[in-house]
Amino acid sequence: KASDGSAFSKTLGNGVDPLEVIESGYGADALRLYSMFAAPLEQDVLWDPQGVPGAYRFLNRAWNLTQEYLEATESSISDEASQKILATTHKMIKKVTADIEGYKFNTAIAAMMEAVNAYFKLKEQYGMFQCEQWKFAIESLLQTIAPFAPHMPEELWHELGYASTIHIDNWPIWDEKYLVTDTVIIVVQVNGKVRAKIEAAVGEDEASVVALAKNEPKIVEFLSGKTIKKTIY
């Protein structure tokens, strides 16, 4: 639908010409990606003029991340960095695989966007190097993007040194051992409204979790000068 909620119509002249979008500099990949990211397949969606530019920015980030890997020096990384990179990658692979099989393309793309954000943070924290962990992360990212935006990943796949196409017999496999975490995120509410999120060790008892919540600065602010009548864990 058009951005004002009306149906696309030749009579109204409110349609969007795909060629105009492609030739404006965003390309076919960004248009394809946005059309599948905007909403679940079974739902109508209002055309968002900023949608294609947003998809284009995501693809640019994936491109830049790959180029930084290609230009990086070879080096080993710490166990901590390795664990975080691999955990991010395997989580993404599992989510994207399941969502594609369930025709939930919008949430599959969201999972890739989340992973790219995480990769940039990990790059800033630990650095970018040519190592097995970053290689697996970059290749898995391109492989999961490929069904949605086929052209850019194909070009980068060849830049990584592969002669065959990325679109045949190249799908990453996740390993459950990298999805096991030692901590969990717990949402803290005050008077029924979310006020903070805290991280606690798996298996932490109720008293310890409640104590962590009470000491969280954002929660301290809401509890100041007040008496807690009931605590629900």
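At what angle do the axes of helix α2 and helix α4 cross? The axes of α2 (residues 51-71) and α4 (residues 105-126) cross at roughly 40° and come within 10 Å.

## Model and overall fold

This is a predicted model: local features need pLDDT of at least 70, side-chain atom pairs count only at pLDDT 80 or more, and totals for chains, interfaces and linings use all residues. Residues are numbered from 1 along each chain as its sequence is written, and side-chain values use heavy atoms, with hydrogens and water left out.

The chain has 8 helices and 2 strands. Both are DSSP runs numbered from the N terminus (helices H or I, at least four residues; strands E, at least two). Their order is α-α-α-α-α-α-β-β-α-α. Of the 233 residues, 37% are buried (under 20% relative accessible area, 1.4 Å probe, protein chains only; exposed is over 50%).

Axes are lines fitted to C-alpha atoms over the stretch in contact, with angles from 0 to 180 degrees between N-to-C directions.

From α2, the contact uses Phe-58, Arg-61, Leu-65 and Glu-68. Residues of α4 in the contact include Met-112, Val-116 and Phe-120. Contact means heavy atoms within 4.5 Å.

## Helix α7

Helix α7 spans residues 206-215, and its buried residues are Val-209, Val-210 and Ala-213. They lie on the same side of α7, because they cover an arc of only 100° around the axis (taken from axis-to-C-beta directions). They pack against β1 (183-190), β2 (193-201) and α8 (217-223). Exposed Ala-207 and Asn-215 sit on the face turned away from the buried side.
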